[in-house]
Amino acid sequence: MLIAIEGLDQSGKATQAERLRDQLREGGSRARLVSFPDYGTSIGEEIARALQGIDAVFVPLGGGNFVSGLATAIKGVQPDARAIAVQAKGSPAMVESFHAKRPVERPCDTIADGLVTRVPPGLAFRAMLRVTDDAMLVGDEALLAGMHALMESAHVLVEPAGAAALAGAERVF
């Protein structure tokens, strides 16, 4: 049985899923939670096979599934490549949790709704810890600058979350 939980942020979905699992187990079920950190695996594999000698890949960070899948795939082909997660400064829970190596709850206030996580989802967070090399925060101003740069140079219009990787890379380089 597959149950989709909709209408909540990532941390709310994770909390609701864990409650549902516990209720099912109380009734004798052997239900288990399955997170899907493979969302980024096909993209990661395509990147790793198309580009040789990757030093680092910057990945937008919301709830952790995308960066976990992408990093797993890239490191499967190019083990020395570094995966760096980039989250909005106004939603720092995942980055602070990554550095603390434990879940940290934080409020959210950012224009990048695709990067919002108030509480790290357990499975995705543990997967992220295993495969991600670093995590950083960027401000909304950097996200807006990244959106502008992508529009100007590549003629691509992206939402703020879509500019996170570029904003992170610009901060490092």
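Axes here are lines fitted to C-alpha atoms, for helices over the stretch in contact, and the angle between two of them runs from 0 to 180 degrees between N-to-C directions. Keep that in mind for the first stop. The model on screen is predicted.

**Helix 4 and helix 5**

Select helix 4, residues 93-100, and helix 5, residues 122-131. Their axes lie 10 Å apart, and the two helices pack at an angle of about 55 degrees. That makes helix 4 oblique to helix 5. The crossing of helix 4 and helix 5 is right-handed. Now show side chains. From helix 4, look for Met-94, Ser-97 and Phe-98. They meet Phe-125, Met-128 and Leu-129 of helix 5.

**The whole chain**

Zoom out and color by secondary structure. The protein has seven helices and three strands. Starting at the N terminus, the order of elements is α-α-β-α-β-α-α-β-α-α. Of its 173 residues, 40% count as buried. Take the contacts in the protein with a separation of 6 or more: residues 24 or more positions apart account for 68% of them.

**Helix 3**

Select residues 65-77. This is helix 3, with 13 residues. At 1.5 Å a residue it should span 18 Å, and its end C-alpha atoms are 19 Å apart, which agrees. Which residues of helix 3 are buried? They are Asn-65, Val-67, Ser-68, Gly-69, Leu-70, Ala-71, Ala-73 and Ile-74.

Helix 3 passes helix 5 in a left-handed crossing. On the helix 3 side, the contact is made by Asn-65, Val-67, Ser-68, Ala-71, Thr-72 and Lys-75. On the helix 5 side, look for Ala-124, Ala-127, Met-128 and Val-131.

**The largest nonpolar core**

The largest nonpolar core has 19 residues. Select Val-57, Leu-61, Val-67, Ile-74, Ala-85, Met-128 and Ala-135, the members that touch the most others. Strand 1 (56-60), helix 3, strand 2 (82-88), helix 4 and helix 5 each give two or more residues to this core. Helix 3 gives the most, with four residues.

Center on Val-57. What does Val-57 touch, not counting residues up to four places away in sequence? Its partners are Leu-70, Ile-74, Arg-82, Ala-83 and Ile-84.

There is also a second, separate core of 14 residues. Select Ala-112, Val-138, Leu-143 and Ala-161, which are among its members.

**Gly-63**

Move to the loop between strand 1 and helix 3, and pick Gly-63. Is Gly-63 buried or exposed? At 13% relative accessibility, Gly-63 counts as buried, since the cut-off for buried is under 20%. Gly-63 and Val-116 are 53 residues apart along the chain, yet their C-alpha atoms are separated by 7.5 Å.

**Helix 6 and helix 7**

Select helix 6, residues 140-154, and helix 7, residues 164-172. Their axes come within 8 Å and cross at roughly 105 degrees. That makes helix 6 roughly perpendicular to helix 7. Show Ala-142, Leu-143, Gly-146, Ala-149 and Leu-150 on helix 6. They make the contact with Ala-164, Leu-166 and Ala-167 on helix 7.

Stay on helix 6 and pick Met-147. Met-147 counts as buried, at 16% relative accessibility. Leaving out residues up to four places away in sequence, Met-147 touches Val-158, Glu-159, Pro-160 and Ala-163. Draw a C-alpha to C-alpha line from Met-147 to Val-158: the two are 6.1 Å apart in space and 11 residues apart in sequence.

**Two loop residues with positive phi**

Finish with a pair of loops. In the loop between helix 6 and helix 7, select His-155. Phi of His-155 is near 55 degrees, a positive value in a residue other than glycine. His-155 is exposed, with a relative accessible area of 70%.

Then jump to the loop between helix 4 and helix 5, and select Lys-101. Lys-101 is not a glycine, but it has a positive phi of about 60 degrees. Is Lys-101 buried or exposed? Lys-101 is exposed, with a relative accessible area of 52%; the cut-off for exposed is over 50%.

Methods: Residues are numbered from 1 along each chain as its sequence is written. This is a predicted model: local features need pLDDT of at least 70, side-chain atom pairs count only at pLDDT 80 or more; totals for chains, interfaces and linings use all residues. Side-chain values use heavy atoms; hydrogens and water are left out. The expected span of a helix is 1.5 Å times one less than its number of residues. Buried means under 20% relative accessible area, exposed over 50%, partly exposed in between (1.4 Å probe, protein chains only). A nonpolar core is a set of buried Ala, Val, Leu, Ile, Met, Phe, Trp, Tyr and Cys residues joined through side-chain atoms within 4.5 Å. Contact means heavy atoms within 4.5 Å. Angles under 35 degrees count as roughly parallel, over 145 as roughly antiparallel, 65 to 115 as roughly perpendicular and the rest as oblique. A crossing is left-handed if the near helix is turned anticlockwise from the far one by less than a right angle, and right-handed if clockwise.
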